[in-house]
There are 2 protein chains.
Amino acid sequence: MQIAILSFFHYFTPMFKKRENIFEIEEGKFLSPKFDDNGLISVTTTDCSSGELLMHGFMNSEALKKTIETKEAHYWSRSRKTLWQKGKTSGFIQKVIELRIDDDQDSLWMSVDIGNGASCHVGYKSCFYRSIPLGPINNSEEIELEFKEKEKKFDPEKVYKGQPNPTKV
Amino acid sequence: MQIAILSFFHYFTPMFKKRENIFEIEEGKFLSPKFDDNGLISVTTTDCSSGELLMHGFMNSEALKKTIETKEAHYWSRSRKTLWQKGKTSGFIQKVIELRIDDDQDSLWMSVDIGNGASCHVGYKSCFYRSIPLGPINNSEEIELEFKEKEKKFDPEKVYKGQPNPTKV
């Protein structure tokens with residue numbers, strides 16, 4: 001049903017040009033986003049001042065349309081199965097400074113202004129606060145991560161009081 | 001069958017800690033990547049010197065293991081359905097400087113050194129060479145993109161001679 005609604009929405013969005021040939025998609029001037037089998041497109045979000053990677057998420061057609069029109073980031077939450085305006089609960093709205101699309105138009109890049117805020121529901125500025133060591137792997141041992149952000153920007157227990165955690169096991 | 005093989009591989013990779021509880025996944029010290037229903041995890045790749053977003057792709061368990069061990073970027077090509085070492089054809093290898101994972105461990109960020117090379121099969125340095133205008137949408141008109149990279153770094157017809165284009169309509 002969800003897919004049916006998404007397809008219906010997509011069908012009646014002539015602002016998205018129909019994907020017809022590879023040259024037009026790669027070298028053309030029109031927006032022809034490719035949504036996957038679940039009606040979603042990948043979005044990478046970076047900080048407009050530092051360039052830092054803040055988060056990675058997904059949009060459906062409606063989230064993309066709302067993001068373009070309002071200049072505020074909207075995503076599709078896969079774990080909560082709902083359209084989601086980033087910062088609606090926490091107050092950490094992402095103002096979109098630039099939005100780009102990649103060569104085959106199946107991935108978006110969004111440069112956003114979050115002021116002195118944060119983008120990670122765990123409380124860190126970036127979701128990518130842990131580093132994976134590189135080099136030989138010992139197949140019988142778990143790989144230990146290194147924390148790169150040491151301090152949280154906010155206390156998620158206060159900010160998201162009573163809200164379910166979007167992380168799923 | 002592909003999924004069966006991926007699960008088999010994942011089962012015998014004790015270096016990936018089993019996902020058991022949310023606190024361990026978000027705040028813990030061990031690598032517990034979440035692969036999606038197709039056995040894939042999202043990867044965002046940036047240039048280690050400029051911070052610029054180069055590309056977005058996917059890895060399966062094997063690509064992640066090879067990337068960690070060799071310090072060279074390996075991906076899973078969804079269009080070609082194969083493990084793929086970036087730069088094997090073009091020569092534009094990505095040397096991995098840092099690899100991070102996000103809060104719920106379902107997305108990777110890779111900072112890479114590509115020297116004076118490029119990462120986009122169309123010939124541009126970054127795959128994200130076109131910008132989407134922001135603001136009100138005219139529902140009856142297609143959205144026109146703006147080219148942000150004006151010059152290609154290489155000629156894909158020479159570099160990928162005879163290879164099929166990974167972009168699919």
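**Note on the predicted two-chain model: strands, sheet and turns**

1. In chain B, S5(B) and S6(B) make a hairpin with 5 residues between them, and B:Gln105 in its turn has a positive phi of about 55°. Helices (H or I, at least four residues) and strands (E, at least two) are DSSP runs, numbered from the N terminus. The two strands run antiparallel and are joined by 6 bridges; strands count as paired if DSSP finds at least two bridges between them. Within this pairing, B:Val96 stands opposite B:Val112 in S6(B).

2. Some ground rules apply. This is a predicted model, in which local features need pLDDT of at least 70 and side-chain atom pairs count only at pLDDT 80 or more, while totals for chains, interfaces and linings use all residues. Residues are numbered from 1 along each chain as its sequence is written, chains are lettered from A and ligands numbered from 1 in the order in which they are written, and side-chain values use heavy atoms, with hydrogens and water left out.

3. Chain A as a whole has 4 helices and 8 strands. Read from the N terminus, its elements follow the order α-α-β-β-α-β-β-β-β-β-β-α. The C-alpha trace of chain A spans about 45 × 40 × 35 Å along its principal axes. Of the 169 residues in chain A, 51% are buried (buried is under 20% relative accessible area, exposed over 50%, partly exposed in between, with a 1.4 Å probe and protein chains only). Contacts are heavy atoms within 4.5 Å; among those in chain A between residues at least 6 apart in sequence, 48% join residues at least 24 apart.

4. B:Arg130 has B:Phe147 in S8(B) as its bridge partner. A pairing between the chains is also found for strand S7 (residues 130-131) of chain A, which is joined by 2 bridges to strand S5 (residues 95-101) of chain B, again antiparallel. There, A:Ser131 stands opposite B:Arg100 in S5(B).

5. How enclosed is strand S1 (residues 41-47) of chain A? It is largely enclosed by the rest of the structure, because 7 of its 7 residues are buried. Both faces are covered: A:Ile41, A:Val43, A:Thr45 and A:Asp47 lie on one side, and A:Ser42, A:Thr44 and A:Thr46 on the other. S1(A) is joined to S2(A) by 6 antiparallel bridges and to S6(A) by 6 parallel ones. On the S2(A) side, A:Ser42 has A:Phe58 as its bridge partner, while on the S6(A) side A:Val43 stands opposite A:Leu108. The hairpin of S1(A) and S2(A) has 5 residues between the strands, and A:Gly51 in the turn has a positive phi of about 80°.

6. Helix H3 (residues 61-70) of chain A has A:Ser61, A:Ala63, A:Leu64, A:Lys65, A:Thr67 and A:Ile68 buried. Just after H3(A), A:Lys71 takes a positive phi of about 60°.

7. Further backbone points deserve a look. Most residues other than glycine have a negative phi. A:Gln105, although not a glycine, has a positive phi of about 55°; A:Gln105 sits in the loop between strand S5 (95-101) and strand S6 (107-113) of chain A and is buried, at 0% relative accessible area. B:Lys81 also is not a glycine and has a positive phi of about 50°. B:Lys81 is in the loop between strand S3 (74-77) and strand S4 (82-85) of chain B, and is exposed with a relative accessible area of 58%.

8. B:Phe58, in strand S2 (residues 53-59) of chain B, counts as buried because its relative accessibility is 10%. Leaving out residues up to four places away in sequence, B:Phe58 touches B:Leu40, B:Ile41, B:Ser42, B:Val43, B:Tyr75, B:Trp76 and B:Arg78.
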